[in-house]
Amino acid sequence: MTQPQRPQLVTTRAALKETLQSLSPRSTVGLVMTMGALHAGHLSLVETAREKADYIVVSIFVNPTQFAPGEDFDAYPRQLERDLELLAEVGADLVFAPTPAEIYPHPARVTLDPGPTAKVLEGATRPSHFGGVLQIVHKVINLVHPKVAVFGQKDAQQLALIRQMVEDLDMPVEIVAAPIVREADGLAMSSRNAYLSEAERKLALCLSAALQAGAQAAEAGEGAGAILKAAETVIFEASAAVDSPATLKLDYIALVDGVTFQPVTQGPAVLAIAAKVGNTRLIDNYLVEVK
Ligand code: AMP
């Protein structure tokens, strides 16, 4: 059997530019931005991008400006060879994997203020995070000039902020959302799942279980308070289980509007959760309808 063809790898802006300039003017470019340590969730974004564009660029870059001091920038898994093999299987054409010095040749003078949506939930716990995210997304979109860029619903608040940036700054790119890909037992796939011990992996399952309980309450026509209670109960029961050596610290469970991330009590909503399992911070969400 022949091996699927690996994507071309470029690590500099100059090589990226040269490759993109060699494409037919008729080809449409799709972009998937990642921090690497790829899993089926990332690969699904590439598949979505292939439905919308005919030349797919995947960026692999652990972006230092979205990590605060003391977060896991140094420990973040880096496995480029394996990532290239996985990307060959889904037909990515080009991988852009620059170094931090290539992307940030000097400290930025001009930065983006992500505004009010970045102040709550993830932004409350990680105040500098979304400024760094929008900075790198803006830069890579400017370097790649894609027609479409695909982002995962897994990072729902990030997705909302990217849409706001594209709209407010008139960026000429279409943003497409892709659904969350989960493990068979429900855990949302994440590169950070690799940090979990066996006991932590088991305990981590209560995040998606809590969201499912909340979604069931929403389906049954319960109000916002009861939806949140149903989800919280799953977390409290799981963290009280005495025989587990793993620990869970809930950061938030919230029912929010998918654009502003402010609390909602009616209509379409994001039921979002974040918790630390051991030292690993995990996030997940379900889209629900509050009747
Ligand atoms: P990351 O490498 O974690 O920065 O994620 C890169 C992109 O993949 C982002 O748009 C994420 O939202 C998306 N992503 C991460 N995990 C999943 C998942 N389990 N399902 C779908 N998309 C995901």
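Okay, let's start with Ser208, which sits in helix H8, residues 198–219. Helices here are DSSP runs of H or I with at least four residues, strands are E runs of at least two, and both are numbered from the N terminus. Quick caveat: this is a predicted model, so local features need pLDDT of at least 70 and side-chain atom pairs count only at pLDDT 80 or more, while totals for chains, interfaces and linings use all residues. Residues are numbered from 1 along each chain as its sequence is written, and side-chain values use heavy atoms, with hydrogens and water left out.

Back to Ser208: is that residue buried or exposed? Ser208 counts as buried because its relative accessibility is 5%; buried means under 20% relative accessible area, exposed over 50%, partly exposed in between, with a 1.4 Å probe and protein chains only. A polar atom of the Ser208 side chain lies 3.2 Å from the backbone oxygen of Leu205. And what does Ser208 touch, leaving aside neighbours within four places in sequence? Arg182, Gly186, Leu187, Asp284 and Tyr286, where contact means heavy atoms within 4.5 Å.

Now, on to the backbone. Leu121 isn't a glycine, yet its phi is positive, near 45°. You'll find Leu121 in the loop between helix H4 (100–103) and helix H5 (122–125). Leu121 has 14% relative accessibility, so this one counts as buried.

Then there's Phe261, again a residue other than glycine with a positive phi, near 65°. Where does Phe261 lie? In the loop between strand E7 (248–256) and strand E8 (267–277). Phe261 is at 3% relative accessibility, and therefore counts as buried.

How values were computed:
A polar contact is a pair of N or O atoms within 3.5 Å; within protein, one must be able to donate a hydrogen and the other to accept it, and residues adjacent in sequence count only if both atoms are side-chain atoms.
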